[in-house]
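Subject: Structure for you to look at

Hello,

Here is the structure you are taking over, followed by my notes on what was found in it. Please keep it open while you read.

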Amino acid sequence: MLLTNRPAGQLEHANLTVSDPERTSALLQDLLGWHERWRGESALGGWTIHVGDEMTYLALYTDEVPRGRHAKGAPLNHIGFLVNDLDAAEKVVVEAGLIPFNHADYPPGRRFYFFDWDGIEFEVVSYL
């Protein structure tokens, strides 16, 4: 059955539990040129920083329960970021004390990956 009136959409946000929202927010601001959109108490306890641009953001949530490192892929594999300067982005990651890995150059672009302090995997890609 072909739908003729399909809704259109885009990713508005993702909500990640992190151990230090301030630290993760600062990394994302340096890496992507994002800004803090909002911060405050979460409706269910804990607190959150929203960091992103005018259209999309990541909600960086924490509460009193220590989370520790999650197993890779349980349930998230990675989050991908598009940047205009891959080398400058890698420098930000290294200066934050994180380790880039799995560098690759194949269509449609160059990329590398890194884990943040909470074990969340990010892919950084450039199509230029």
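Two residues are in contact, or touch, when they have heavy atoms within 4.5 Å of each other. By that rule, and not counting residues up to four places away in sequence, Phe 81 touches Leu 28, Leu 31, Leu 32, Trp 34, Leu 58, Phe 122, Glu 123, Val 124 and Val 125.

Before the rest, two notes on the source. The model is predicted, so local features need pLDDT of at least 70 and side-chain atom pairs count only at pLDDT 80 or more, while totals for chains, interfaces and linings use all residues. Residues are numbered from 1 along each chain as its sequence is written, and side-chain values use heavy atoms, with hydrogens and water left out.

The chain as a whole

The protein chain has two helices and eight strands; helices (H or I, at least four residues) and strands (E, at least two) are DSSP runs, numbered from the N terminus. Read from the N terminus, the order is β-α-β-β-β-β-α-β-β-β. The C-alpha trace spans about 50 × 45 × 30 Å along its principal axes.

Of the 128 residues, 37% count as buried. Buried means under 20% relative accessible area, exposed means over 50%, and partly exposed is in between (1.4 Å probe, protein chains only). The accessible surface comes to about 8,200 Å², and 54% of it belongs to carbon and sulfur atoms; such areas come from the Shrake-Rupley method with a 1.4 Å probe, and for residues only the protein chains shown count as cover.

Among contacts between residues at least 6 apart in sequence, 48% join residues at least 24 apart. There are 10 positive and 19 negative side chains, and the centres of the two sets lie 5 Å apart. Here Lys and Arg count as positive and Asp and Glu as negative, with His and the chain ends not counted; the place of a charge is taken as NZ of Lys, CZ of Arg, CG of Asp or CD of Glu.

The aromatic residues

How many aromatic pairs does the structure hold? It holds six. Rings of Phe, Tyr and Trp (its six-membered ring) pair if their centres lie within 6.5 Å; planes under 30 degrees apart count as stacked, over 60 as edge-to-face and the rest as tilted. The ring centres of Phe 114 and Phe 122 are 5.3 Å apart and the planes are at 25 degrees, so this pair is stacked. Phe 114 is buried at 0% relative accessibility, and Phe 122 is buried with a relative accessible area of 2%.

One aromatic cluster is formed by Trp 34, Phe 81, Phe 112, Phe 114 and Phe 122. Phe 81 is in strand E5 and is buried, with a relative accessible area of 5%. Phe 81 and Arg 111 are 30 residues apart along the chain, and their C-alpha atoms are separated by 9.6 Å.

The charged end of Arg 111 sits over the ring of Tyr 106, 4.2 Å from its centre. A charge sits over a ring if NZ of Lys or CZ of Arg is within 6 Å of the ring centre and within 35 degrees of the ring normal.

Around helix H2

Asp 85 is in the loop between strand E5 (79–82) and helix H2 (86–95). Is Asp 85 buried, exposed or partly exposed? With a relative accessible area of 38%, Asp 85 is partly exposed. Asp 85 and Ser 126 are 41 residues apart in sequence and 6.7 Å apart in space, C-alpha to C-alpha.

Leu 86 is in helix H2 and is buried, with a relative accessible area of 4%. Apart from its neighbours within four places in sequence, Leu 86 is in contact with Arg 110, Arg 111, Phe 112, Val 124, Val 125 and Ser 126.

Ser 25 lies in helix H1 (residues 21–32) and is buried at 2% relative accessible area. Ser 25 touches Ile 49, Val 51 and Leu 60, leaving out residues up to four places away in sequence.

Most residues other than glycine have a negative phi, and most peptide bonds are trans. Asn 102, in strand E6, has a positive phi, near 55 degrees. The peptide bond from Pro 107 to Pro 108 is cis, with omega near 10 degrees. Pro 108 is in the loop between strand E6 (101–106) and strand E7 (109–115).

Regards
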